[in-house]
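Biologist: I would like a close look at one part of this model, with its surroundings described in order. Please keep to what can be read from the coordinates.

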Amino acid sequence: MSVRHALLALLSEGPKYGLQLREEFEARTGEVWPLNVGQVYTTLQRLERDGLVESDATEQDGPQKDFRITVAGADELARWLRMPPDLASPPRDELVIKVLVALRLPGTDVRDVIQVHRRYLVELMQQWTRIKDTEAESDMNLALVVDAELFRLDAVVRWLDTADGRIKRAAADNPDPAETRQAAEAKQGAEAKQATQAAGTAGPVPPSMPRRRRRAGAGR
């Protein structure tokens with residue numbers, strides 16, 4: 001999020017002082033992203049250094065000191081609004097990294113890790129949905145922020161579902177030799193146990209029948 005350009009946008013409406021800028025920034029963004037007043041003044045100082053805003057040089061620094069956007073600042077704001085964000089490279093997403101680490105970490109069930117995060121994201125989506133139903137209908141700025149967040153979280157949930165399915169298919173196509181051996185040994189042990197139990201309940205094995213004796217007089 002570019003606080004720098006957000007402040008330029010607010011100043012394009014007219015001169016404002018630092019505390020006013022902070023309050024308007026939070027109101028315009030649905031009060032979702034709190035902004036420290038110290039960050040506001042630090043950003044304003046940098047903007048003034050770069051010639052993008054100006055203030056009355058005769059006025060002392062203070063909470064009521066007004067800042068105004070310059071022509072260069074207006075040009076910078078217009079350029080930023082039309083410049084697509086850098087999406088050429090995937091962001092260093094913490095959740096993606098966690099799944100990649102869990103995938104190769106001995107003794108870790110990566111699918112269990114995925115489900116833990118999926119449940120959390122679904123709960124978070126439910127919270128945002130409640131905000132949308134109760135508060136966002138009368139606040140366009142908040143409604144747009146909530147919509148963006150719901151779409152973002154939904155995309156993450158769908159990625160987790162896709163990852164879970166891909167990992168499941170890979171495990172079925174390429175079973176772990178150690179796990180396969182253990183499963184086979186467990187199956188053999190279960191079959192042997194069943195055979196022993198069956199033998200114990202069937203009773204003693206009857207002796208083989210003797211051969212029938214020749215008829216009397218035969219072969220004499």
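Biologist: At the start of helix α3, which backbone nitrogen does a side-chain oxygen of Asn36 reach to within 2.6 Å?

Modeller: It is the backbone nitrogen of Gly38 that lies within 2.6 Å of a side-chain oxygen of Asn36. The pair falls under the cut-off for a polar contact, which is a pair of N or O atoms within 3.5 Å; within protein, one atom must be able to donate a hydrogen and the other to accept it, and residues adjacent in sequence count only if both atoms are side-chain atoms.

Some conventions come before the rest. The model is predicted, so local features need pLDDT of at least 70 and side-chain atom pairs count only at pLDDT 80 or more, while totals for chains, interfaces and linings use all residues. Residues are numbered from 1 along each chain as its sequence is written, and side-chain values use heavy atoms, with hydrogens and water left out. Helices (H or I, at least four residues) and strands (E, at least two) are DSSP runs, numbered from the N terminus.

For context, the protein chain has eight helices and three strands, arranged along the sequence as α-β-α-α-β-β-α-α-α-α-α. Of its 220 residues, 25% are buried, where buried means under 20% relative accessible area, exposed means over 50%, and partly exposed lies in between (1.4 Å probe, protein chains only). Among contacts (heavy atoms within 4.5 Å) with a separation of 6 or more, 53% are between residues 24 or more positions apart.

Helix α3 itself covers residues 37-49, which is 13 residues. From first C-alpha to last, α3 reaches 18 Å, close to the 18 Å expected at 1.5 Å a residue; the expected span is 1.5 Å times one less than the number of residues. Four residues of α3 are buried, namely Val40, Thr43, Leu44 and Leu47. These cover an arc of only 105° around the axis, so they are on the same side of α3. The arc is taken from the directions that run from the helix axis to the C-beta atoms. An α-helix has 3.6 residues a turn, so residues three or four places apart point the same way. On the other side of α3, Gln45 and Arg49 are exposed. Just after the helix, Gly51 has a positive phi of about 80°.

Two strands count as paired if DSSP finds at least two bridges between them, and β2 and β3 have three bridges. Glu54 stands opposite Arg68 in β3.

The 12 residues of α4 should span 16 Å at 1.5 Å a residue, and its end C-alpha atoms are 17 Å apart, which agrees. The buried residues of α4 are Gly73, Glu76 and Leu77. Viewed down the axis of α4, they fall within an arc of 100° and so line one face of the helix. The face of α4 turned away from this buried side carries Val71, Asp75 and Arg82, which are exposed.

Glu76, in α4 (residues 71-82), counts as buried because its relative accessible area is 16%. Its side chain makes polar contacts with two side chains: that of His5, at 2.8 Å, and that of Arg79, at 2.6 Å. Leaving aside neighbours within four places in sequence, Glu76 is in contact with His5, Leu8 and Leu52.
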